[in-house]
Structure formats: C-alpha cells, structure tokens
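The following note comments on side-chain contacts and backbone features, point by point. Please read it alongside the sequence and the structure shown here.

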Amino acid sequence: MNRTLIRDALTNLRPPAEATVAGWVRTVRHSKGGFSFITLNDGSCLATLQVVADGKLPNYAEEIAHLTTGSSVVARGALVASQGKGQAVELQASEVRVLGRADADSYPIQPKHHTLEFLRTQAHLRPRTNTFGAVARVRNAVCAAIHEFFQRRGFLYIHTPIITASDCEGAGQLFRVTTLDVSAPPRGPDGAVDFAQDFFARSTYLTVSGQLEAETCACALGNVYTFGPTFRAENSNTPRHLAEFWMVEPEMAFCDLAGDADTAEAFLKHVFRAVLDRCAEDMKFFNDRIDNTVLDTLAHIADSEFQRVTYSEAVTLLEKAGRQWEFPMHWGRDLQTEHERFLTEETFRKPTIITDYPASIKPFYMRVNEPDAQGRRTVAAMDVLVPKIGEIIGGSQREERLDVLEARMAETHMKAEDYRWYADLRRYGTVPHAGFGLGLERCVQFVTGMANIRDVIPYPRTPRSAEY
C-alpha cells in the first residue's frame, strides 16, 4: 500500500495535495447532513488527521455510517485547509475503505480517560492511546540515539549470550534455563538434581548482564557495546523494577575510570539532546500531562558540566547535612535514593558522578584502589546521578591484575573454575579497561516522567505477571 504517514501529511504536504492515509479511528461523528468526520491516527505522531467522508460515497450507508472507535480504514482524497478549529488541514475523502471493524460494545480503548493501571491490563491495545504511543516513539528515539552515539565513536556493536552459566553480579537472582522434567528431574547419588543430564550438561540461566562477555570482545577489538535483554529474578514489586529489561553496556580497552566517566557524561548528553530535538511534540505532551519538569530537566542535564566527587566526600556532605535520613548514612554503607537525590538536586544542583566506592559493597570485577589516607579500601567504581531518580548509570574500571582479581573472587566466594575464561583475559595480554551500564527502561522512565517503569516497556514482566 502506497500511503502517506499522517505525520508527513500534517508537516510536509502543502494543500491542496492528493494523499492516501491509513490508521485507526480515534473518534467518529456522523452528521445529519450526510457527512462523517473521522479522526484518524496511525502511530507516526501524536496528532490525528480529520477525514471528511461525504454521504455520497458508494459504501457510506453500508460501512462508513457504522464506523466506530478502534476500526481501521484507508482513506484517499484531497488534503485541504481545514475549516474547523485546532487543525491546519483535513482530508476530503474520495474513497474510504474499511479494513477492520471494532466491536463498539467490547472495544476497551474508548475516547475517554483511562487509568494507567487499567491500561496495563490491556497491554496489547494500549499503544493506541496518546500516552503509550508517545512512550513508544520516545523509546525508539532513545534507542536510535544510543546506537548513533557509539557508532559515531567507532564502537563495535556485539551480541552477548542471553543464556549463560555465569552470574555477573554474584547476587544469585537468576532465572534458570532447563529442559529437565521439573516434576521428576534426574538426581545424582547425593539426591541433588543432576544437571549433567540437562540440555547444556550444566546449570544455565538467563543473563543478568552482558558485561563479562563484552569484556572479552573489548580485549580484542578495542571499544565495543552490547544492547539487549537482561533478566533478574528479584521479587520486587516497585515502580522501578522489572524482571525483564534492556541494558546498554559499553566496554572500552585502554580506558581508566576518568575516561569511563567522560564517556558516560557525553553519552547521556547526546541521548537527552537527541530526544529534545527529535521528539518535540511527544515531549511537550509529557511535560503538559505527566510531569511539567521533564523538558527543563533534560535541557539542564544536556547543558551542564557534571559534578564529580568521591564516595568519601559524598558521605561527609551527607553526614553534615543535618537531615534525618530514612537510611542513616556512614562510610561503608551504600548510597540510597534519598542520598543520591539530595546530592544532585540540593547540594550540587546538577548531574553528579560519585566515584571510588568501598570495595565491600561492590562486585568482584571492579579495580581495587590503593588504600586511602584512613586505610580504607575502595574500588574504581562510579555512579552517575541525575535529579528525581538518583542513579541512572553504574560503571567501573575493571580489575586487570590477575592476582588481585583472584583474591577478590575468593573474598566474595565466587567459584574460580566458573570464571577461568574471564581470568584468562588477565593471563594473556591484560590491559586496563572500563565500562558502564544503562538500563533502557530506567532511562525512558526518566525522560518521559512516567511514574511506573511498567509503563515504558510494551509487555512488562514482574513477579506473578507474564500474561502476554
């Protein structure tokens, strides 16, 4: 079908012009004078196009006069200056073909206000609403900007495995992958499940991160990034957690923590500026309807020089703040959202990068620093904090020294034999390298101002919820 997108009909065509458009009916009004006014949206933009159908059309009485919200149509005719208010052009139809009729009594997405909670029960239809259409377009723009940033800088896009035998974070919150009969699995002499008889002849899981595998590629190819689905079996029913989400994870050879932080700052600025430039209509919708600070917040971040402080400096600031924290803070504890937001929103009033966290609260693969003046051991880690949500990026310089890595693995009770291949990077031509991770959904949630992360992914996977 050779059709014109409604976005292009509204912005690129000068009336009068012939056009064929197709989409779904948002509203329809049938006048007594033998005309129908059909409001059409095709998902290409937030706006709709009014199609005026004359009662003299051959299929008017049989089909057009019975159109309802949710039906799909193709309309051909002349794009002319509109006589109505609130729209510059309309389509005077010479032909309207009904492709699919929606049952008016059962169609759940009616032209009225629906709560986000209700729309989660209609995940297969909610992209037809203004809010979720706008989310989808912004999400697409964020993804395009992510690829654009790394491709322009010579990073190679690689695909790391979704099925893995390793736990990157060491947290143990993994989804198991198995073909064994769960009602009667084979067992060894000790009574434990014998995974040697499983499909991969060992325990395997859905990945929580592609980082470790990406490191192997960076230590051969230079700068790489992976962008794909990740999974965590964390029993969290919060507005910020999903069991299935997408992560972008760059890894850079011959890079230290300072270079890692520089890249993360440039990366966020690029993505946010791209959204502001390319999604003006949708972002205005979010600013008007969802969160009236999103435009100013994104512009502020894109134009700011990020503040950089160490974890120890941040703890000192928090201890001197005179606040009654929900989570009392002292050196050695991880920062909570309330602490992160205080630093970025009230103390520095700009995006903030916290570096050099205590080794005891960070994973085994982060590079161990020399002890500080108080003899405390830290690692070359960083978190990028932004207003309203706190941490949006986490990263580190990776430990490139074999003896230190092995000591950290033993200290954190990692099974060395499971990570032999990872340690090989340090045995054979080790180099300093670094990287970070950004959760796509967390980023889209921040950009749009949507309160619940379940509303920025088409089909959210959460505890006890995988309907589609």
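Predicted model: local features only at pLDDT ≥ 70, side-chain atom pairs only at ≥ 80, totals over all residues.

1. The note begins with a buried pair. Asp-383 and Lys-362 are both buried. Their side chains meet in a salt bridge, with a nitrogen-to-oxygen distance of 3.7 Å. Asp-383 belongs to strand β14 (residues 378–386), whereas Lys-362 sits in the loop between β13 (352–358) and β14; the pair thus links distant parts of the chain, 21 residues apart.

2. Arg-308, at 35%, counts as partly exposed.

3. A further salt bridge is formed by Arg-376 and Asp-372, whose closest N and O atoms are 3.0 Å apart. Arg-376 is partly exposed, at 25% relative accessibility. Asp-372 is partly exposed as well, at 23%. Elsewhere, salt bridges link Glu-215, Glu-251, Arg-398 and Arg-426 in a network.

4. On the cysteines: a disulfide is a covalent bond between two cysteine sulfur atoms. A search of the whole structure finds zero disulfides. Cys-45 takes part in none, and the nearest cysteine sulfur, belonging to Cys-279, is 12 Å away. Cys-45 counts as buried, because its relative accessibility is 7% and the cut-off for buried is under 20%.

5. Cys-219 is partly exposed, with 27% relative accessibility.

6. The axes of helix α7 (residues 294–303) and helix α12 (residues 440–448) come within 8 Å and cross at roughly 120 degrees. Helix α7 contributes Val-294, Thr-297, Leu-298 and Ile-301 to the contact, and helix α12 contributes Phe-446, Val-447 and Thr-448. By class, the contact between α7 and α12 has five nonpolar residues, two polar residues and no charged ones.

7. The aromatic side chains come next. A pair of aromatic rings is described by the distance between the centres and the angle between the planes. A search of the whole structure finds 19 aromatic pairs. For Tyr-157 and Tyr-225, the ring centres are 5.1 Å apart and the planes lie at 20 degrees, so the pair is stacked. Because Tyr-157 lies in strand β6 (residues 156–158) and Tyr-225 in strand β10 (residues 223–231), the pair ties together parts that are 68 residues apart in sequence. Tyr-157 is partly exposed, with a relative accessible area of 33%, whereas Tyr-225 is buried, at 0%.

8. A second aromatic pair is formed by Phe-199 and Phe-200. Their ring centres are 4.9 Å apart and their planes are at 75 degrees, so this pair is edge-to-face. Phe-199 counts as exposed, at 61% relative accessibility; Phe-200, at 39%, counts as partly exposed.

9. Tyr-157 and Tyr-225 also belong to one aromatic cluster, together with Phe-149, Phe-150, Phe-155, Phe-267 and Phe-436.

10. Some backbone features may be checked by eye. Most peptide bonds are trans, and most residues other than glycine have a negative phi. A cis peptide bond joins Pro-15 and Pro-16, with omega about 0 degrees. Pro-16 is located in the loop between α1 (6–11) and β1 (17–30).

11. Which residues other than glycine have a positive phi? Arg-349 is one of them, with phi near 55 degrees. Arg-349 lies in the loop between α9 (337–347) and β13, and Arg-349 is exposed, with a relative accessible area of 60%. Another is Asp-356, with phi near 60 degrees. Asp-356 is found in strand β13.

Key: Residues numbered from 1 in each chain as written. Heavy atoms only, no water. Buried < 20%, exposed > 50% of the residue type's maximum accessible area, 1.4 Å probe, protein only. Salt bridge = Lys/Arg side-chain N within 4 Å of Asp/Glu carboxyl O. Helix = DSSP H or I, 4+ residues; strand = E, 2+ residues; numbered from the N terminus. Disulfide = S-S within 2.5 Å. Axes fitted to C-alpha atoms, helices over the stretch in contact; angles between N-to-C directions. Contact = heavy atoms within 4.5 Å. Nonpolar A, V, L, I, M, F, W, Y, C, P; charged D, E, K, R; others polar. Phe/Tyr/Trp six-rings, centres within 6.5 Å; stacked < 30°, edge-to-face > 60°.
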